[in-house]
Amino acid sequence: MSAPFTHKMAAHCESGAVTALLKNAGMDVTESLVFGVSGAIFFGYLSVPMLPFPTIALRNKPGRIRLKTPTRLGVKMHTQNFRDPAAGMRALDELIGRGIPVGVQVDYFYMDYLPEYTRAHFNAHYIIVTGKKDGRYQLSDTYFPMLSSIDEATMRTARFARGQFAPKGLLFYPETIPERPDLKAAVRKGIKDAVFYMTKVPIPFFGVRGIRFFARKVQEWPKLTRDIEHLSHEVMMIAVILEERGTGGGGFRYLYATFLQEAAKILGDAAVAEVAKEMMVNGDRWRDVSIAAARMGKRRDLGPQKLHELGEMILERAEAEQQIFRRLGALVK
Amino acid sequence: MTNDAKPLHREIKQLIIDSLKISDVTADDIEDGAPIFGNPKFELDSLDAVELFVALQKRYGVKIDDQNLAKDVLQSVDRIAEFVGSNRTDQ
């Protein structure tokens, strides 16, 4: 049993999976629109007991795209969690048996079609199950170039993995699609959300304030690390997080710039298109941060002066994003 | 005192559940004076704190524009209700 489905790679799994499901249901949307409408662009410097080392978040909490975008586009999305894995697997089988492609949340580690070196435990990965054949689930993973498959036991383990962002058997699929979604309203809400979370949240490690916080804190990382090897690893992780962890590059800033280009057309506002260009340049400068971090880490060139230079590059991103989001806030009221 | 005698508490509990998309939890499961964050029942983190005070702002018109205030207010449903009761602008 297999539902007809057009597989496509995407910049980010959650926005990619939601986009693919909506397109499959007949809605004309792009990944960048799905991302932007949910207001997903964000920055957070996260230093909490449950994490072994401080890290950065470049989008809002996993699950928010899946929840906000369909609502804003007038899509009725069926969403279900399961306590009982057997019930969760039966429900999945029943849906794909009816020819319905289903989004599921899984632990990334168990996607064994992906290169082993890329696989780490992360519970908020999203894929689409399109069918089942010879005991293997056929699936569309936006991080893989073609349709793939995993066996039943692996799917069950992946869907019911424990820990942070535990999937709890989550499955979702669009039930109804509006004939004429109010894209203007959806785009406005998405931009207002982004402006709020980036510039108005009164928490020093979130939003633009969070970027400044990061710029300062990264210079203190030598105090948190065991030795130069540890510091090198953590500094190089900056590049991995910004470029490799399904952000589409530049810490989601390129994806957001593409959204702003579309938003400008939808809103009929050329000024938003100008902000899109600034955001694209901002993405380039975040990429420069990635390259600098990777180079410093690889060369073990991590003295105070070098870390200060990295901090200054990050601080420049804070100033740029302050301007960008302030302008967006003035344009979209 | 039952939840029915404290309608604002009940409202806030439902707002917490709805805005933070907490599954398998009802308003009856949330104790008035118990911690919201750091409570293993709800698995909430600092990103959820942001979502919650946005939701409180939208629903009750309260402004939480200081980090220390946010930490204080979001401790428990009792504390949120006390703050909302004194500062709401939606009525």
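**Chat about a two-chain predicted model**

Biologist: Let's start with β6 of chain A: how many bridges join this strand to β7(A), and which way do the two run?

Modeller: β6 covers residues 136-140 of chain A, and four bridges join this strand to β7(A), with the two running antiparallel. Strands are DSSP runs of E, at least two residues long, and helices are runs of H or I, at least four, all numbered from the N terminus. Two strands count as paired if DSSP finds at least two bridges between them.

Biologist: How should I read the labels and numbers?

Modeller: Residues are numbered from 1 along each chain as its sequence is written, and chains are lettered from A and ligands numbered from 1 in the order in which they are written. The model is predicted: local features need pLDDT of at least 70, side-chain atom pairs count only at pLDDT 80 or more, and totals for chains, interfaces and linings use all residues.

Biologist: OK, back to the strands. Which residue of β7(A) stands opposite A:R136?

Modeller: A:D151 is the one across from A:R136.

Biologist: How many residues lie between β5(A) and β6(A) in their hairpin?

Modeller: Two residues, and A:D134 is in that turn.

Biologist: Is A:D134 buried or exposed?

Modeller: Exposed, with 7 other C-beta atoms within 10 Å. The cut-offs: 20 or more other C-beta atoms within 10 Å of a residue's own make it buried, 12 or fewer make it exposed, and in between it is partly exposed; C-beta atoms are placed from the backbone.

Biologist: And why is β6(A) said to be largely enclosed?

Modeller: Four of the five residues of β6(A) are buried, so the rest of the structure largely encloses this strand.

Biologist: Where does A:F165 lie?

Modeller: A:F165 is in the loop between α5 (152-159) and β8 of chain A. Here too phi is positive in a residue other than glycine, near 55°. A:F165 counts as partly exposed, with 17 C-beta neighbours inside 10 Å.

Biologist: Zooming out now, how many helices and strands are there in chain A?

Modeller: Chain A has twelve helices and eight strands. Its C-alpha atoms fill a box of roughly 60 × 50 × 30 Å along the principal axes, and 46% of the 333 residues count as buried.

Biologist: What share of the contacts in chain A with a separation of 6 or more comes from residues 24 or more positions apart?

Modeller: 70%. A contact here means that the C-beta atoms of two residues, placed from the backbone, lie within 7 Å.

Biologist: Which domains does the assignment give for chain A?

Modeller: Domain 1 takes in 13-37 + 76-176, and domain 2 is 184-331; such bounds come from an automatic or database domain assignment. The centres of domain 1 and domain 2 of chain A, taken over C-alpha atoms, are 29 Å apart. Eight residues from domain 1 of chain A and ten from domain 2 of chain A take part in the contact. Helix α2 (residues 31-37) of chain A supplies the largest share of the domain 1 side, five residues.

Biologist: Pick out A:R317 for me: which helix is its place?

Modeller: A:R317 is in α12 (residues 304-331) of chain A. A:R317 counts as buried, with 23 C-beta neighbours inside 10 Å.

Biologist: Which residues is A:R317 in contact with, leaving aside its neighbours within four places in sequence?

Modeller: A:I211, A:N282, A:R285, A:W286 and A:V289. Its C-alpha atom is also 9.3 Å from that of A:A215, which is 102 residues away along the chain.

Biologist: Last topic, how many residues do chain B and chain A bring to their contact?

Modeller: Twelve come from chain B and 14 from chain A. On the chain B side, α2 (46-60) and α3 (67-73) of chain B are the elements that give two or more residues. The biggest contribution to that side is from α2(B), with four residues.
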